[in-house]
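Here is a short briefing for a first look at this structure.

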Amino acid sequence: MFRDVFDCESYSLVNKSLTYGSREAHTLGRRKKDVAQSFGVRSEWDGTPPLKVFQFLRKFAKACDDNDVSEAEAFFMLQDFTKEPLRSEVMSVMPSRHGGNPGEVNSYLELINWMLRYHADEASLAAQVEEFNRATQTPGESERTFAERLRQLNVLCGFIHPQGVIKGRFVEGVHRAARVTVRERNTPSMTLAELARIAQTKGDEYRWIVSDQRREREKEARIAEAIDL
């Protein structure tokens, strides 16, 4: 079930060149700036939460592919898209000048594999998947917030759930006041955000009715109390 997310080849780049000479070193600074534009300014990752490693690696690989960065260049570039304490941890496994230190990695895919094994394991990922499968809307949580929580849970699950599965969990986990409506309105082409908007409208209607009924009961209670006096 988790084979692809733990396979470093899943994060390989289109440009698989392993050449890294003076020309590549000379242009690395400019290439980093190009990747940073795609990756997102101030989007560096510090290593927490650990299971966010899947999102980080997917995002980094896409930014590299968008700018035709080779695996040789990405190998020396990845650490610049991390921040402490992760940056020091990555630098500790990068090749030293003399080489041969225990735990050193020597290629982009070796570095990716190290990051995956360092931050995640099948047991923790399975626990995260179980949390996703049991997720329900909590008291005080809006329908849109619940949808966003499911999306974030899927990030921590290594993106193993397709859109249809996320929507299905939303339909089953949303408050009963909106469940029938979203189940009837849900279509394969509808996005999770669109489904959440429908649920939010129905949930707001339900909460307004409940609130109005509560006010009426409180009013009746005050009247009854006044009569008794």
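Phe-159 sits in the loop between α8 (143–156) and α9 (163–173). The model is predicted. Start with the backbone, then turn to the helix pair.

**Positive phi**
- Most residues other than glycine have a negative phi, and most peptide bonds are trans.
- Phe-159 is not a glycine, yet its phi is positive, about 60°.
- Phe-159 is partly exposed, at 27% relative accessibility.
- Asp-68 also is not a glycine and has a positive phi, about 50°.
- The loop between α3 and α4 holds Asp-68.
- Asp-68 is partly exposed, with a relative accessible area of 48%.

**Cis peptide bonds**
- Thr-48 and Pro-49 are joined by a cis peptide bond, with omega near -15°.
- Pro-49 belongs to the loop between α2 (22–39) and α3.
- From Glu-84 to Pro-85 the peptide bond is cis, with omega near 5°.
- Pro-85 lies in the loop between α4 (71–77) and α5 (86–93).

**Helices α3 and α6**
- Helix α3 (residues 53–66) packs with helix α6 (residues 108–119) at an angle of about 160°, and their axes are 10 Å apart.
- The angle is over 145 degrees, so α3 is roughly antiparallel to α6.
- The crossing of α3 past α6 is right-handed.
- From α3, the contact uses Val-53, Phe-54, Phe-56, Leu-57, Phe-60 and Ala-61.
- From α6, Tyr-108, Ile-112, Met-115, Leu-116 and His-119 take part.
- By class, this contact has ten nonpolar residues, one polar and no charged ones.

Note on methods
Residues numbered from 1 in each chain as written. Predicted model: local features only at pLDDT ≥ 70, side-chain atom pairs only at ≥ 80, totals over all residues. Heavy atoms only, no water. Axes fitted to C-alpha atoms, helices over the stretch in contact; angles between N-to-C directions. Helix = DSSP H or I, 4+ residues; strand = E, 2+ residues; numbered from the N terminus. Parallel < 35°, antiparallel > 145°, perpendicular 65-115°, else oblique. Left-handed = near helix turned anticlockwise from the far one by under 90°. Contact = heavy atoms within 4.5 Å. Nonpolar A, V, L, I, M, F, W, Y, C, P; charged D, E, K, R; others polar. Buried < 20%, exposed > 50% of the residue type's maximum accessible area, 1.4 Å probe, protein only.
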